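Work through the exercises below with the sequence and the model side by side. Try each task before reading its solution.

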Amino acid sequence: MTRKRLIIEMGMGVDQHGQEPTVAASRAVRNAIAHNALPGVWEVAGLSDPNQMIVEVQVAVPYPDQVRQEEVLAVLPFGQKSLTVQSGGMVVQGRAIPELNDKNDEMLIAVAAVTVFVETE
């Protein structure tokens, strides 16, 4: 079996309040997959089950050690999922609003790349 890339989608996510890198990362992944359909998985690659897809996610976000990886992967509806988190993204000064449980005035921005692979003979 040979592993082949079928699609790569990119996305961005922001947590404006709460300073949660998991939220920013999850939004980036959701943004990456929000506007795609993968009929080629069935019609070209010949898969019979969407969980046969191999889905590799890369996320760059501030404070990567605080990312709850299982929550980010839960955004993906199907596939054999894996996640790599690295330091990156951006921290932008926003406005702390106590009623929104802000710890400080940081807005966290994450970027994501979601790659779908299929195994072929």
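**Exercise 1. Contacts of Val55**

Leaving aside its neighbours within four places in sequence, which residues is Val55 in contact with?

Solution. The model used here is a predicted one.
Step 1. Locate the residue: Val55 lies in strand 2.
Step 2. Set aside the neighbours within four places in sequence; the contacts of Val55 are then Leu76, Phe78, Gly79, Gln80, Lys81, Ser82, Val114, Thr115 and Val116.
Step 3. Check the burial of Val55. Its relative accessible area is 4%, and buried means under 20%, so Val55 counts as buried.

**Exercise 2. Thr115, buried or exposed?**

Decide whether Thr115 is buried or exposed, and list its contacts.

Solution. 
Step 1. Thr115 belongs to strand 5, which runs over residues 106-120.
Step 2. The relative accessible area of Thr115 is 8%. The limit for buried is under 20%, and therefore Thr115 is buried.
Step 3. With neighbours within four places in sequence left out, Thr115 touches Arg5, Ile7, Ile8, Ile54, Val55 and Glu56.

**Exercise 3. The largest nonpolar core**

Find which residues of the largest nonpolar core touch the most other members, and where the core residues come from.

Solution. 
Step 1. The core holds 24 residues, and those touching the most other members are Val29, Val55, Val57, Val59, Leu76 and Val114.
Step 2. At least two residues each are supplied by helix 1 (21-33), strand 2 (54-61), helix 3 (69-73) and strand 5.
Step 3. Strand 5 gives the largest share of this core, with 6 residues.
Step 4. Take Val57 as an example. Apart from neighbours within four places in sequence, Val57 is in contact with Val29, Leu73, Leu76, Ser82, Leu83, Thr84, Ala113 and Val114.
Step 5. For background, nonpolar side chains tend to be buried together in soluble globular proteins.

**Exercise 4. The largest pocket**

Describe the lining of the largest pocket and the place of Asn36.

Solution. 
Step 1. The volume of the largest pocket is about 270 Å³.
Step 2. Its lining has 15 residues, and Asn36, Leu38, Met53, Pro77 and Phe78 lie nearest the centre.
Step 3. Sorted by kind, the lining has 13 nonpolar residues, 1 polar and 1 charged.
Step 4. Strand 1 (2-15) and strand 5 each supply at least two residues of the lining.
Step 5. Asn36 sits in the loop between helix 1 and helix 2 (40-43). Its relative accessibility is 28%, which lies between the limits of 20% and 50%, so Asn36 counts as partly exposed.
Step 6. Asn36 and Thr2 are 34 residues apart in sequence, and their C-alpha atoms are 24 Å apart.

**Exercise 5. The whole chain**

How many helices and strands are there in the chain, and what pattern does the chain follow?

Solution. 
Step 1. The chain has 3 helices and 5 strands.
Step 2. Read along the sequence, they follow the pattern β-α-α-β-α-β-β-β.
Step 3. The C-alpha trace spans about 55 × 25 × 20 Å along its principal axes.
Step 4. Of the 121 residues, 38% count as buried.
Step 5. Among contacts between residues at least 6 apart in sequence, 75% join residues at least 24 apart.

Conventions. Residues numbered from 1 in each chain as written. Predicted model: local features only at pLDDT ≥ 70, side-chain atom pairs only at ≥ 80, totals over all residues. Heavy atoms only, no water. Helix = DSSP H or I, 4+ residues; strand = E, 2+ residues; numbered from the N terminus. Buried < 20%, exposed > 50% of the residue type's maximum accessible area, 1.4 Å probe, protein only. Contact = heavy atoms within 4.5 Å. 1 Å grid on protein atoms, 1.4 Å probe; cavity = no way out; pocket = protein on both sides within 12 Å on 5 of 7 lines; lining within 4 Å. Points joined across faces, edges and corners; volume = space filled by probe spheres on them. Nonpolar A, V, L, I, M, F, W, Y, C, P; charged D, E, K, R; others polar. Core = buried A, V, L, I, M, F, W, Y, C linked by side-chain atoms within 4.5 Å.
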